[in-house]
Amino acid sequence: MNMPDLQPLMPEIVFLGLALFVLLAELFIKSKETIGLMVIVSVAATAYMIPQSFGVTFSGMFISDGYSSFFKFIFLLNLILTILISIQYIQIERAEFGEYYTVLMFSTLGMMIMASAGDLIVLYLGLELMALSTYILAGFIRHDARSTESALKYFLLGAFSSAILLYGIMLLYGLTGTTDIMKLSSLLMKNGMRLQSIFAIVMVMVAFGFKIALVPFHMWAPDVYEGAPTSITAFMSVGPKAAGFAVIGRVFLTGLEGFSADWRLLLVVLSIATMAVGNIIAIQQHNLKRMLAYSSIAHAGYAVLGVIAGNTEGLSATMNYLLIYAFMNIGAFSVLVLLRNEQERIETLEQIKGLARNHPFASALMLIFMFSLTGIPPTAGFVGKFFLFRALVYSGYTWLAVVAVVFSAISAYFYLRVVMYMYMYEPEEGVTQDISTAAPLGLALLITSLMVIAIGIYPEPFVNFARLVVG
Amino acid sequence: MVEAFFIYFALMVVFCSVMVVSRKNPVHSVLWMLVMFFHVAGLYLMLNAEFLAATQIIVYAGAILVLFLFVIMLLNLKEEIATEHSVGGWPGGLALAVSFLLFALLAFTGFTVKASGKWSIQEVSRLTHTKALGKVLYTEYLFPFEVASVILLVAIVGAVVLAKKKLKS
């Protein structure tokens with residue numbers, strides 16, 4: 001047995017080694033800022049390795065290419081931003097265990113493995129690594145019943161969806177005799193069992209749909225997002241979702257290419273249901289975290305549109321959208337973290353009434369993120385939606401693009417309501433609107449708001465980058 | 001003769017599974033599950049998979065079931081369970097399960113047997129199942145194996161954080 005080529009795996013190996021180092025270092029270093037800095041340095045080292053890692057290894061099980069690298073970039077960015085907003089927040093929540101940072105790194109490692117998986121077994125293991133770490137993180141505030149409940153709910157439903165994924169993988173293996181994603185399509189076509197293949201595809205889609213919270217597999221999301229620590233909600237509304245899209249792109253567009261007419265039809269139905277439920281139920285929410293949870297469901301519905309378009313244009317639009325979504329969504333959650341003070345959690349619409357009087361700057365940032373989530377120019381959200389809908393129209397789904405625009409217009413109601421409550425009301429009596437003054441959090445807000453505006457004004461390099469990477 | 005054993009094991013697995021989900025007392029459920037695990041191990045033995053049979057008994061019957069029993073005894077749920085059965089919506093669940101089973105059976109009809117490569121039945125029985133599995137696991141499937149080890153590490157870290165660490169007040 002020859003030594004396998006480890007070059008494509010180097011970013012993951014380095015990242016794992018540094019994660020283990022952080023796990024040990026945390027025993028001796030008490031300053032959480034130092035640990036946070038170590039994680040950020042690890043991320044930088046890993047990001048540096050990624051461009052030199054292109055290749056296929058372990059006989060096709062692990063693929064490092066432009067596509068996976070783009071997603072890894074999103075995951076690492078997500079990790080950095082989460083670390084920046086976490087440092088002070090988890091101290092306020094009295095959950096500042098050093099393992100927090102290591103588990104975040106392990107979760108990111110799982111996502112990186114998912115994005116590079118060329119084999120269904122590797123895909124499943126990467127997914128489990130990511131999910132298991134996220135369950136732990138969701139329950140990190142142990143003295144808070146809501147956090148524990150959210151972790152347990154997430155765990156039970158996550159385990160259930162894993163079982164469904166395994167059934168799907170088992171059926172695909174039975175039908176083709178391989179777990180290699182690249183060989184699936186041709187072998188399935190050769191086998192010719194259409195109905196049986198579709199049953200397997202449905203199973204796989206249900207499991208992935210659970211991970212990215214597509215309706216009707218979204219039931220866990222609002223409760224889990226509301227109960228988990230806000231920094232973790234930001235983390236898992238971006239990272240695992242992007243990882244889910246990474247495997248959907250790989251499995252459906254490559255592995256199940258031959259059945260594209262069938263899964264496309266399924267995805268069209270799911271995406272319309274997702275946009276409808278996400279946007280309409282968000283209107284009723286008065287808790288901002290819950291509202292953002294439904295908004296994140298709706299955004300998954302938009303992002304799927306690019307996969308439905310199914311060509312280079314569509315896939316790169318989805319990838320771009322996920323990158324933009326990372327900035328604007330983490331930005332919005334950062335403002336919520338900013339509003340968490342020693343006395344209370346500011347999470348409801350009533351509590352942010354008149355925020356602009358007390359904190360004009362924080363309100364202005366929230367305004368930018370809400371505009372971007374709605375998709376109003378000149379913010380990044382507009383650019384993201386524009387390219388998604390354009391790809392959709394070019395591939396012949398004009399009616400679906402119209403539906404998406406209509407739901408997008410509905411979403412303006414609940415996003416702009418936040419702005420209205422901040423700017424057009426007087427502050428309520430007895431609500432302490434103290435805000436955090438942590439420097440890392442400020443940096444996270446600076447990065448996210450600048451990027452949201454920069455991509456909105458000058459999208460060219462980002463759009464071209466994603467297109468280059470896919471094509 | 002072999003068929004008789006297979007029918008015995010298969011029927012017992014189905015019977016025990018039904019008993020697991022239909023018992024009111026959770027301790028009884030767990031004990032029925034134990035019986036079921038032994039019969040599943042028997043099925044594995046019939047397939048010449050002695051390694052799987054051993055792990056089935058050591059890991060599932062030995063470790064996981066004991067954990068179940070611990071949890072049930074710690075929680076002391078008896079009275080709650082007796083008054084309110086936890087599987088109230090069973091007709092819907094049964095319908096779902098049956099339709100799922102039918103679909104799964106349909107899907108099985110499409111299964112293909114690929115030409116066996118290096119690991120033919122003769123080769124596996126010559127090397128013994130355990131050795132063959134070990135060889136594949138540490139060469140061809142080395143990468144997934146290592147990822148699995150990271151998953152176990154995360155599970156340990158998580159268990160320590162969520163259960164052991166002292167709460168800060």
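**Domains and chains**

Modeller: This is a predicted model. In chain B, the C-alpha centres of domain 1 and domain 2 lie 22 Å apart. Domain 1 spans 1-77 and domain 2 spans 118-169.

Colleague: Which residues of domain 1 of chain B lose the most area to domain 2 of chain B?

Modeller: Five residues of domain 1 of chain B are in contact with four residues of domain 2 of chain B. The area buried between these domains is about 380 Å². Of what the domain 1 side buries, 84% comes from three residues together: Asn48(B), Glu50(B) and Phe51(B).

Colleague: How many salt bridges and how many residue pairs in polar contact are counted between chain A and chain B?

Modeller: A salt bridge needs a side-chain nitrogen of Lys or Arg within 4 Å of a carboxyl oxygen of Asp or Glu. The side of chain A that touches chain B does have six charged residues, beside 28 nonpolar and nine polar. Even so, the count between the chains is zero salt bridges, and for residue pairs in polar contact, both at pLDDT 80 or more, it is three.

Colleague: What share of the area buried between chain A and chain B do carbon and sulfur atoms give?

Modeller: The contact joins 43 residues of chain A to 34 residues of chain B. The area buried is about 3500 Å², and the carbon and sulfur share is 80%.

Colleague: Which element gives the largest share of the side of chain A that touches chain B?

Modeller: The elements that give two or more residues include α1 (10-28), α4 (99-116) and α5 (120-138) of chain A. The largest share is nine residues, and it comes from α5(A).

Note on methods: Residues are numbered from 1 along each chain as its sequence is written. Chains are lettered from A and ligands numbered from 1 in the order in which they are written. This is a predicted model: local features need pLDDT of at least 70, side-chain atom pairs count only at pLDDT 80 or more; totals for chains, interfaces and linings use all residues. Side-chain values use heavy atoms; hydrogens and water are left out. Contact means heavy atoms within 4.5 Å. Buried area is the accessible area (1.4 Å probe) that two parts lose on being put together, summed over both. A polar contact is a pair of N or O atoms within 3.5 Å; within protein, one must be able to donate a hydrogen and the other to accept it, and residues adjacent in sequence count only if both atoms are side-chain atoms. Helices (H or I, at least four residues) and strands (E, at least two) are DSSP runs, numbered from the N terminus. Ala, Val, Leu, Ile, Met, Phe, Trp, Tyr, Cys and Pro count as nonpolar, Asp, Glu, Lys and Arg as charged, and the others, Gly among them, as polar. Domain bounds come from an automatic or database domain assignment.
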